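I opened this model to look up its strands, its surface and its open spaces. My entries follow in the order in which I took them.

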Amino acid sequence: MPTVKVRNLDNKEVGEVQLSDVVFDAPLNEPLIHAAVRNFMANSRQGTSATKTRGDVSGAGRKLWKQKGTGRARIASLRSPLWKGGGNAHGPQPRDWSYSMPKKMRRGALRSAISERVREGNVIVVEGWPLDKPKTKEFIASLEKLGLGGKTLIVDSFDNEKLVLSARNIQRAKVVDSMGLNIYDLLYHEKLVLSQAAVGELERLLGAKQDMSAVEESQDEKLNAGKPAKGKSARKQEAA
C-alpha cells in the first residue's frame with residue numbers, strides 16, 4: 001500500500017496518508033491508456049467541418065449550350081464539380097466522431113495512469129487549498145512554495161470556488177473535481193496534486209467494486225481454509 005506525505009501550502013509535512021492499492025498501485029497498461037486517450041480525443045472532436053456540394057453552391061440551372069453540334073463537351077450544369085466554382089464531390093460533411101468505451105476500461109485506464117504518476121513521484125497530497133479570497137497572485141505563490149513550476153493538475157472539490165477562480169487564468173495549471181478527472185489531463189500535466197478529500201473520493205469512484213470483490217475473495221479463502229478437502233467417497237455419499 002503506497003504511502004504519501006501530506007503537505008500544507010507552505011510545503012511542510014503535516015502527516016501521511018496510505019493510498020489504496022487498487023487505485024494507486026495498479027500495473028501499467030499502455031494499450032488500455034492509449035485506447036482511453038483515443039476515445040477521449042474522438043469524443044472531443046466537433047465534427048463541424050463541411051464543404052458545399054453541387055446543391056449548395058450558387059449558379060444558374062439552365063443548360064449552357066446544346067447537347068450536340070457545338071464540338072464541345074456536353075455539360076449539364078454550371079454547378080458540376082468539374083467546373084470552377086462548382087460544388088465539391090466528396091468533401092467532408094458534419095458527422096459525430098464520438099463512440100462509447102466500456103466503463104470498466106475507462107476506470108482501468110485512470111487507475112493505471114494515476115498509479116504510474118505515484119511511482120514516478122509526481123503525486124503530491126495537500127491538506128487542503130484554503131484561500132482568503134480568489135486572487136491569482138496568491139495561487140501562484142502557493143504553487144511556487146510547493147515547487148510546482150511545470151504543468152500541474154489539481155484535483156479538489158468544486159465547492160472550493162476561490163481556488164477555481166484563482167486558477168482559471170493560469171495556463172500551466174488546471175483545477176478539476178474527482179468526477180471531472182480524465183485520462184488526457186493526467187497525461188498532459190506533469191504533476192498531480194490531490195487534496196485529502198479528493199483522495200477519498202477517487203478511492204470510492206475508482207476502487208469500490210474492486211475492493212469489495214477482493215474482500216469477498218479473502219473471506220471465502222479463510223472460510224475454505226479450515227474445511228477438509230472432500231474425497232470421492234464423500235461425494236458419492238452426498239450424491240446418494
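**Strands and their partners**

The model is predicted, so I noted its limits: local features need pLDDT of at least 70, side-chain atom pairs count only at pLDDT 80 or more, and totals for chains, interfaces and linings use all residues. Residues are numbered from 1 along each chain as its sequence is written, and side-chain values use heavy atoms, with hydrogens and water left out.

I looked up which strands S1 pairs with. S1 (residues 3–7) runs parallel to S3 (residues 123–126), joined by two bridges. With S2 (residues 13–18), S1 pairs in the antiparallel sense over five bridges. Two strands count as paired if DSSP finds at least two bridges between them. Thr 3 stands opposite Gln 18 in S2. The hairpin of S1 and S2 has five residues between the strands, and there Asn 11 takes a positive phi near 65°.

I then went to S4 (residues 152–155), where Thr 152 and Ile 154 point one way and Leu 153 and Val 155 the other way. In a regular strand the side chains alternate between the two faces of the sheet. All four of these S4 residues are buried, where buried means under 20% relative accessible area, exposed over 50% and partly exposed in between, with a 1.4 Å probe and protein chains only. S4 pairs with S5 (residues 173–176) in the parallel sense over four bridges. Thr 152 stands opposite Ala 173 in S5.

**The whole chain**

I listed the elements and found eight helices and six strands. Helices (H or I, at least four residues) and strands (E, at least two) are DSSP runs, numbered from the N terminus. Their order from the N terminus is β-β-α-α-α-β-α-β-α-β-α-β-α-α.

Of the 240 residues, 32% are buried. The protein exposes about 15800 Å², of which carbon and sulfur atoms supply 51%; the areas come from the Shrake-Rupley method with a 1.4 Å probe. Among contacts (heavy atoms within 4.5 Å) with a separation of 6 or more, 67% are between residues 24 or more positions apart.

Is Asp 96 buried or exposed? Asp 96 counts as exposed because its relative accessibility is 58%. Asp 96 lies in the loop between H2 and H3. From Asp 96 to Ser 44 is 52 residues in sequence and 10.0 Å in space, C-alpha to C-alpha.

**Pockets**

Rolling a probe the size of a water molecule over the atoms shows where empty space is left. On a 1 Å grid over the protein atoms alone, a pocket is an open set of points where a 1.4 Å probe fits, with protein on both sides within 12 Å along at least five of seven lines; lining residues have an atom within 4 Å of a point.

The largest pocket holds about 420 Å³ of space. It has 18 lining residues, and the closest to its centre are Arg 106, Arg 107, Leu 110, Met 179 and Leu 181. H2 (30–44), H3 (103–120) and H7 (196–225) each supply at least two lining residues. H3 gives the most, with five. By class, this lining has eleven nonpolar, four polar and three charged residues.

The second largest pocket has a volume of about 160 Å³. Its lining residues include Leu 9, Asp 10, Pro 130 and Lys 145. This lining divides into four nonpolar, one polar and four charged residues.

Definitions and conventions: Grid points are joined across faces, edges and corners, and a volume is the space filled by probe spheres set on the points. Ala, Val, Leu, Ile, Met, Phe, Trp, Tyr, Cys and Pro count as nonpolar, Asp, Glu, Lys and Arg as charged, and the others, Gly among them, as polar.
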